[in-house]
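Trainee: I have just opened this one for the first time. Could you walk me through it?

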Amino acid sequence: MLRKRLSAALVAVAMLVGLQVGTAAPAAAAARILYYDASQAQEFKAVVNQGAQIWNSRVTNVQLQPVPAGRTPNIRVYADDGWPRTYTTSLGNGRWYMGREAVNDGYYQARIAAHEFGHILGLPDRRTGLCADLMSGSSAPVSCTNAYPNATEAATVNNNFRSSVAVPAREFAWAG
């Protein structure tokens, strides 16, 4: 009985002085950093950075960062006169194009950038037509200005980067 009271008193004192009693929770794994190179994105460099920041604000297991000098990027971003499209080589790696065709048709540039980054992060086109679905791409109305992934899209990306999910090389094209 005395032993029980003494143990309880020690726990109470430890809590008062801020000592942790018991086992510590395991530390969360650090986010995987993917480096992107927007140097060939021409007039779209700022919107490419915006698309990366959108993802960084919604997911925790992966972060998109501009490539530092001397490092090879995981992702290369280009601009051309075609439709936006992405070519993945594996999860988190590939290249995408900020196509002026969609921009000229009035699609929201930040949505295009975030959508194309979504492909690199392992998401396919869904073509739901819903503005709330980032990966619905051009099936959503031209007036859609939602550039943020929905909860399911963000959770899928977090799950993709929680483990070493293999995503095959694919081509994704923004359909007109």
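Trainee: Before that, what kind of model is it, and what are the ground rules?

Mentor: This is a predicted model, in which local features need pLDDT of at least 70 and side-chain atom pairs count only at pLDDT 80 or more, while totals for chains, interfaces and linings use all residues. Residues are numbered from 1 along each chain as its sequence is written, and side-chain values use heavy atoms, with hydrogens and water left out.

Trainee: OK, how many helices and strands does the protein chain have?

Mentor: The protein chain has 5 helices and 6 strands, where helices (H or I, at least four residues) and strands (E, at least two) are DSSP runs numbered from the N terminus. Read from the N terminus on, the order of the elements is α-β-α-β-β-β-β-α-α-α-β.

Trainee: And what share of the residues is buried?

Mentor: Of the 176 residues in the protein chain, 43% are buried; buried means under 20% relative accessible area, exposed means over 50%, and partly exposed is in between (1.4 Å probe, protein chains only). As for contacts, meaning heavy atoms within 4.5 Å, residues 24 or more positions apart account for 62% of those in the protein chain with a separation of 6 or more.

Trainee: Now the helix pair. At what angle do α2 and α4 cross?

Mentor: The axes of helix α2 (residues 45–58) and helix α4 (residues 109–120) come within 8 Å and cross at roughly 60 degrees. Those axes are lines fitted to C-alpha atoms, for helices over the stretch in contact, and angles run from 0 to 180 degrees between N-to-C directions.

Trainee: Which residues make the contact?

Mentor: On the α2 side they are Val47, Val48, Gln50, Gly51, Ala52, Ile54 and Trp55, and on the α4 side Gln109, Ala110, Ala113, Ala114, Phe117 and Gly118. By class, the contact of α2 with α4 has 9 nonpolar, 4 polar and no charged residues, where Ala, Val, Leu, Ile, Met, Phe, Trp, Tyr, Cys and Pro count as nonpolar, Asp, Glu, Lys and Arg as charged, and the others, Gly among them, as polar.

Trainee: Switching topic: how many aromatic pairs are there?

Mentor: A search of the whole structure finds 5 aromatic pairs. Rings of Phe, Tyr and Trp (its six-membered ring) pair if their centres lie within 6.5 Å, and planes under 30 degrees apart count as stacked, over 60 as edge-to-face and the rest as tilted.

Trainee: Why is the pair of Tyr78 and Tyr97 stacked?

Mentor: The ring centres of Tyr78 and Tyr97 are 5.2 Å apart and their planes lie at 25 degrees, so the pair is stacked. It links distant parts of the chain, with Tyr78 in strand β3 (residues 75–80) and Tyr97 in strand β5 (residues 93–99), 19 residues apart. Tyr78 is partly exposed at a relative accessible area of 25%, whereas Tyr97 is buried at 17%.

Trainee: Which residue pairs with Trp83, and how?

Mentor: Trp83 and Tyr107 form an edge-to-face pair, 6.3 Å centre to centre with 70 degrees between the planes. Trp83 is in the loop between β3 and β4 (85–90), and Tyr107 is in the loop between α3 (100–104) and α4, 24 residues apart. Trp83 counts as partly exposed at 21% relative accessibility, while Tyr107 is buried with a relative accessible area of 12%.

Trainee: Is Val62 buried or exposed?

Mentor: Val62, in strand β2 (residues 62–66), is buried, with a relative accessible area of 2%. Not counting residues up to four places away in sequence, Val62 touches Ala31, Arg32, Leu34, Asn56, Leu121, Val157 and Phe161.

Trainee: Last one: what stands out about the phi of Gln42?

Mentor: Most residues other than glycine have a negative phi. Gln42 has a positive phi of about 50 degrees although it is not a glycine, and lies in the loop between β1 (32–40) and α2. Arg127 also has a positive phi of about 50 degrees without being a glycine, and is found in the loop between α4 and α5 (151–160).
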